[in-house]
Amino acid sequence: MTTSLSLRTAQQCTTIVRTLAAVVCVVASLTAAFAQGAAPQHPRMLFGADEVPILQKKITQEPWMSMYNKLIADVDKDGWGDVKELGTPYTDSVIAERSAFLYVLSGDDKWAKKAREMVEKRINDKANWANAKTKGLALFWHGSRIALAYDWCYGAPSWDAAFSTMVSQELKKHGDVILKSGGSGQNRDRASNWQGGRYASAGLCLLATDEAVLPADLDQCHTYVTRYLTENLNNNKDSRGWNIEGLGYNYYPMGNFVGPYAIAIARKDPAKDLRKMSALGWTYWTTYAVNIKAMGMVIRPDFGDDNAGTASEGTAGQAFYFCPDVLKPGLVWGYDRLWGAKGNNSYDAGRGGTIYSILYHPGAALAEKDPMTIPEWRAGFIDKGGNGFFTYRNSYQYNDNDVVAQIYGKLRGDKGHSGPDALSFRIQGLDTAWAVGGGRYGTKINTQDAYYYSMNTLYPVKPEEKLTTNSNSGKIVGTPLSKADGSGNVVMSMAANNVGVKNQKRWFISDFSAATDTNGTFVIADTSDDGKFWQLCTLEENTITTADNTFTITAKNGNTMKGTVLYPAAGVTFTTGTRIRGSGFITDKNGYIHFQSPDGKYLVVLTLEKKGQEHPAITSTGNWGAEPKTTVTVGKFNIDINGDVISYPETK
């Protein structure tokens, strides 16, 4: 017994000695590592090293395999995924970003070498790197792309220690310049995409570098990105995340700067997770909410920065990370039909966009669901707590049957790049754009930005004459309505609209029910003190004809929108023509039609029909000019307007 105990004790002592020896060895190794400077942990910004094998396995399955192959096909193309002249600084940075991610996915050092070549080229271009005199957008672009490339290629065979150290140091310098200066040509409005891009890109540089970074600098980046989102989106529970500068200014800052930064900072410090801001999740929803297929493209209502098509620049994939869970089945539905296998197979190719589809698209793990069947999705059509975009849409079939109408309340006035557009509307569908805006700032008419002249609103003078503009905001009157079929209405007013009409009040009613016997009916009613002209702008390629109190817009495909003027009831004289836009939308000009009223009041009904279909009869009872009380009849369907109250039958 004694011998047995002694033997066990001896064995235990041996184990203890060996354990202590192992601990000593580990401590010694750690001490040596710290003395020599332990290798930093990479990747760490959008995912960790432990997730790399998961990603590598992921791309052996669909839909990620197709995304991976698309990324390879696009790696040497320009920043939009198109084949254009290469060699521009912006394209260099895109190639570096894409190549670095392909290195992660494949483990093939050829991609790391390609990324290194582009990184060296950009950092050695001192006119565009860590230079406060450089245009700010260029600084933001190169810094954020090189930051990700460094994180993803760190430790690659072709990225030796000396090169990695140099890149790390340069990222610190570049991030400091962006943070402290922001470069030249800035729009310093707090809601401007410039400021979102500035502080998010500075944050990405400082999160990527392995040099010493002051905690206060990281805090400043987070504070100012938060400020940008709050100023732009109005972060409250009723905001639906519509960008105050328009969707064109949402894809660019969110997809390229704010989104990657938000993901990276949350990984470093969960307390700084920007998903706590409800408006952030909703702003990613907006990238899906109004897009339709038309004219061979994916297009959207053209508020703010107008472009013919939609390049989502990573927001399509990032939406799966940021959006509330209840919306994600609708995202799956939309992604597949717009950018995926049932769509254009682009996999959100604009700039570095496909990367985020690979990272965040849930694949078959999440079943799709028609967005129109998701009540929370449809609730987003009413934006009473944000910037005031009210949306009416009949379906998400992504074919010629889809129709979307949107009116902008501009509830928070001008911020960033936004211009006069309050109470103006857009209508798209049946494979064309029927009611469009005027583009962005730049091109001039009467020394004023051209887009002032292409608002679908009331004007105090002929819309070709010099205007007196303002940055006033609109306000909601009564209770906006959104129905299950996408129909609905809103009433809004302004003390003076953005082109100077006093006391404009607008009723905007959309109906998609079968009862109207149309593909979409829109009633636009206005009262004002001095709105002498009512105007609608459309694509230049659409033709406009007039007869009595009606006008008809005919698209190239033969589909039509008919406008029936119910007030003024007589003496309507139409003026049609074309004028230059501020930026291109299919063409560089708009077609337009406008007419006058003797008392600043109007009642117009727009109906949509496919080629060969007759438009229903449109009539009204009551006297709109005397008071806002009337019944509009479309075919056999009645819409009653009694002051601020709008009523019509519930239909399916």
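This is a predicted model: local features need pLDDT of at least 70, side-chain atom pairs count only at pLDDT 80 or more; totals for chains, interfaces and linings use all residues.
**Stop 1: two cis prolines**

Start by selecting Tyr-567 and Pro-568. The peptide bond that runs from Tyr-567 to Pro-568 is cis, and its omega is near 0°. Where does Pro-568 sit? Look in the loop between β17 (560-567) and β18 (575-585).

Now jump to Glu-62 and Pro-63. Here too a cis peptide bond makes the join, with omega at about 5°. Pro-63 has its place in the loop between α2 (52-58) and α3 (64-74).

**Stop 2: two residues with positive phi**

Select Arg-351 next. Although Arg-351 is not a glycine, its phi is positive, at about 55°. You will find Arg-351 in the loop between α13 (328-338) and α14. Is the residue buried or exposed? Arg-351 counts as buried because its relative accessibility is 14%, and the cut-off for buried is under 20%.

Move on to Asn-446, another non-glycine residue with a positive phi of about 55°. Its loop is the one between β7 (444-445) and β8 (448-449). With a relative accessible area of 33%, Asn-446 is partly exposed.

**Stop 3: helices α9 and α10**

Show residues 215-233, which are helix α9, together with residues 248-268, which are helix α10. The two pack at an angle of about 140°, and their axes are 12 Å apart. That angle makes α9 oblique to α10.

From α9, pick Leu-218, Cys-221, His-222, Val-225, Tyr-228 and Leu-229. They meet Tyr-249, Pro-253, Met-254, Val-258, Tyr-261, Ile-265 and Lys-268 of α10.

Stay with one of these, Ile-265, which belongs to helix α10. Ile-265 is buried, having a relative accessible area of 2%. Which residues does Ile-265 contact, leaving aside its neighbours within four places in sequence? They are Leu-207, His-222 and Lys-272.

**Stop 4: helices α12 and α14**

Select residues 315-322 for helix α12 and 353-360 for helix α14. Their packing angle is about 35°, and 7 Å separates the axes. The crossing of α12 and α14 is left-handed. On the α12 side the contact is made by Gly-317, Gln-318, Phe-320 and Tyr-321, and on the α14 side by Tyr-356, Ser-357 and Tyr-360.

**Stop 5: the aromatic rings**

Now colour Phe, Tyr and Trp. How many aromatic pairs does the structure hold? There are 38 aromatic pairs. One of them joins Tyr-392 and Phe-508, a tilted pair at 6.1 Å centre to centre with 40° between the planes. Tyr-392 is in strand β3 (residues 389-393) and Phe-508 is in strand β12 (residues 502-511), so this pair ties together parts that are 116 residues apart in sequence. Both Tyr-392 and Phe-508 are buried.

Select Trp-534 and Phe-551 for another. The ring centres of Trp-534 and Phe-551 are 6.4 Å apart and the planes lie at 45°, so this pair is tilted. Trp-534 comes from strand β14 (residues 533-539) and Phe-551 from strand β16 (residues 550-554), and the pair links these distant parts of the chain, 17 residues apart. Trp-534 has 0% relative accessibility and counts as buried; Phe-551, at 0% relative accessibility, counts as buried as well.

**Last stop: a ring cluster and two arginines**

Finish by selecting Trp-242, Trp-282, Trp-285, Phe-303, Trp-377, Phe-381, Phe-389, Tyr-396, Tyr-398 and Tyr-408, which ring pairs link into a cluster. The charged end of Arg-393 sits over the ring of Tyr-396, at 3.8 Å from the ring centre. Arg-426 lies over the face of Phe-303, 4.0 Å from the centre of that ring.

Notes:
Residues are numbered from 1 along each chain as its sequence is written. Side-chain values use heavy atoms; hydrogens and water are left out. Rings of Phe, Tyr and Trp (its six-membered ring) pair if their centres lie within 6.5 Å; planes under 30 degrees apart count as stacked, over 60 as edge-to-face and the rest as tilted. Helices (H or I, at least four residues) and strands (E, at least two) are DSSP runs, numbered from the N terminus. Buried means under 20% relative accessible area, exposed over 50%, partly exposed in between (1.4 Å probe, protein chains only). A charge sits over a ring if NZ of Lys or CZ of Arg is within 6 Å of the ring centre and within 35 degrees of the ring normal. Axes are lines fitted to C-alpha atoms, for helices over the stretch in contact, and angles run from 0 to 180 degrees between N-to-C directions. Angles under 35 degrees count as roughly parallel, over 145 as roughly antiparallel, 65 to 115 as roughly perpendicular and the rest as oblique. Contact means heavy atoms within 4.5 Å. A crossing is left-handed if the near helix is turned anticlockwise from the far one by less than a right angle, and right-handed if clockwise.
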